[in-house]
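Please read it beside the sequence and the structure shown here.

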Amino acid sequence: MCGNETNCLGPQLQRGWLVIFILGRQHIPLIHTGIPERWITRRQQETVIMRALVFILLMEMVDVNVSQEYSPFQWLSQLRGRLAGWQSEALDCPLECDCPAAYPTAMYCHSRNLQHIPYVPSHIKYVYLQRNQITGIQDGVFDNAPNLVWVILSHNQLSSEKISDSVFVELGSLVRLYLDNNELTHVPRNLPRSLTDLRLSYNKITNISSNLFESMSNLTTLQLQGNDIEEVDGGLTGLKSLMMLDMSKNKLMKIPDNFPKELQQLYLDHNNIKSVPAGFLTMYPKLQFIRLSHNSLTDEGLPSNVFNTSTLVELDLSFNQLEKIPLVSRNLENLYLHANKIKEFSLSSFCDTIDGTNFSRLRVLRLDANKISARDIPVEAAYCLRLVSSVNV
């Protein structure tokens, strides 16, 4: 037993915490610094005492001197980490974000109304910052986390003038960078050579300058749809590994030159393209999917054999001004020609001769919203188009 009740309090009293004693009386004064004395019942005493004791036990988990070493946000973050039983790597997670123990290298900061990029701990590899109000990327913001692999900044308010030219230079492990749905007017400079997936769609980019991607030989996916691009000016050279390029919903007047040789998927729909260069597909022997819908293509703008290539699997020419079915390869599987001005069904566009071995591999054929009907399809089509499940007219 303690001779003096005050001595029994130990470090709690020295730290200034509220301590209440039951002295066996019906009513006692409640001592609290800065609050006038008031009388409470015994039941109220017990409730207040229990809450005070729980608070004291919680505060015992954190060293009171931590506030001298950390900022207020870091101090609260550390307290939150202790209470949740998180691993030590998550203790420096910024208060604005979540760093769950189940994904120790990920930092989730999406949809938080952030106006700047928070502190990124050194062990973090995946940063999710989409759907905020971030307007710029300040120099050095990622210097503490050089091993970042993903940086997701979609759906913000980023402007090109507020992105440092060297902000991504040191991120030698970065493979995915998502900057889509922002206010960018040009592609950021000095992007890491390690990138494999770059998304810049739905910005305000007007052109792709020459040699912009010259050193990005590892990039396989480039999304530029939904911008205001009119010309490319050879800016795609250097993308030796590019397999998918999406430039739909821009202002292109012609098909750009010098696509990478490894290209397999090309999306140019919703532009102002009027023609396709002769021999276009022979220059890209691995191209399998082409979308040229919602352009201004005419029969005069299509050379006779431009789509007669064995590698092509899917071709979309819908919503143009075509009056004839173009000649396509027998290996083509999906052909979309709806919403044109086609007046006749030319079977020779699919099969040059009709016999038991010479037939098209076509499976999907759409000809609806043209100027032909089912009556215009010759009976021989059953032999030439024997793999087609249905023909929409």
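The link of Cys-97 and Cys-109 is right-handed, with 110° about the S-S bond. Cys-97 is buried, with a relative accessible area of 0%, and Cys-109 is buried with a relative accessible area of 0%. Buried means under 20% relative accessible area, exposed means over 50%, and partly exposed covers the values in between (1.4 Å probe, protein chains only).

The model is predicted: local features need pLDDT of at least 70 and side-chain atom pairs count only at pLDDT 80 or more, while totals for chains, interfaces and linings use all residues. Residues are numbered from 1 along each chain as its sequence is written, and side-chain values use heavy atoms, with hydrogens and water left out.

**The chain as a whole**

The secondary structure of the chain comprises four helices and 13 strands. Helices (H or I, at least four residues) and strands (E, at least two) are DSSP runs, numbered from the N terminus. Of the 393 residues in the chain, 42% are buried. The accessible surface comes to about 20500 Å², and carbon and sulfur atoms account for 50% of that area; the areas come from the Shrake-Rupley method with a 1.4 Å probe, and for residues only the protein chains shown count as cover. Among contacts between residues at least 6 apart in sequence, 41% join residues at least 24 apart, a contact being heavy atoms within 4.5 Å.

**Disulfides**

How many disulfides does the structure hold? The structure holds three disulfides. In general terms, a disulfide is a covalent bond between the sulfur atoms of two cysteines. Besides the link already described, one joins Cys-93 to Cys-99, with an S to S distance of 2.1 Å. The link of Cys-93 and Cys-99 is right-handed, with 75° about the S-S bond. Cys-93 counts as buried at 2% relative accessibility, and Cys-99 counts as buried at 2% relative accessibility.

Cys-351 and Cys-384 also form a disulfide, with their sulfur atoms 2.0 Å apart. Cys-351 lies in the loop between β11 (334-336) and β12 (364-366) and Cys-384 lies in helix α4 (residues 381-384), so the pair ties together parts that are 33 residues apart in sequence. The torsion about the S-S bond of Cys-351 and Cys-384 is about 90°, so this disulfide is right-handed. Cys-351 is buried, with a relative accessible area of 3%, and Cys-384 is buried, with a relative accessible area of 0%.

**The annotated segment**

Over residues 92-126 the chain is 0% helix and 11% strand, and the end C-alpha atoms are 15 Å apart.

**Salt bridges**

Side chains of opposite charge can pair when their charged atoms come close. A salt bridge is here a side-chain nitrogen of Lys or Arg within 4 Å of a carboxyl oxygen of Asp or Glu, and by this rule the count comes to eight. The table lists examples from among them.

| Salt bridge | N to O distance |
|---|---|
| Asp-98 and Arg-112 | 3.0 Å |
| Arg-199 and Asp-197 | 3.4 Å |
| Lys-251 and Asp-228 | 4.0 Å |

Lys-251 is partly exposed at 39% relative accessibility, and Asp-228 is partly exposed at 28%.

The side chains of Asp-98 and Arg-112 meet in a salt bridge of 3.0 Å, N to O. This pair links distant parts of the chain, 14 residues apart, with Asp-98 in the loop between α3 and β1 and Arg-112 in the loop between β1 and β2. Asp-98 is partly exposed, with a relative accessible area of 33%, and Arg-112 counts as partly exposed at 28% relative accessibility.

In the salt bridge of Arg-199 and Asp-197, Arg-199 counts as partly exposed at 25% relative accessibility, whereas Asp-197 counts as buried at 8%.

How values were computed:
A disulfide is a pair of cysteine sulfur atoms within 2.5 Å.
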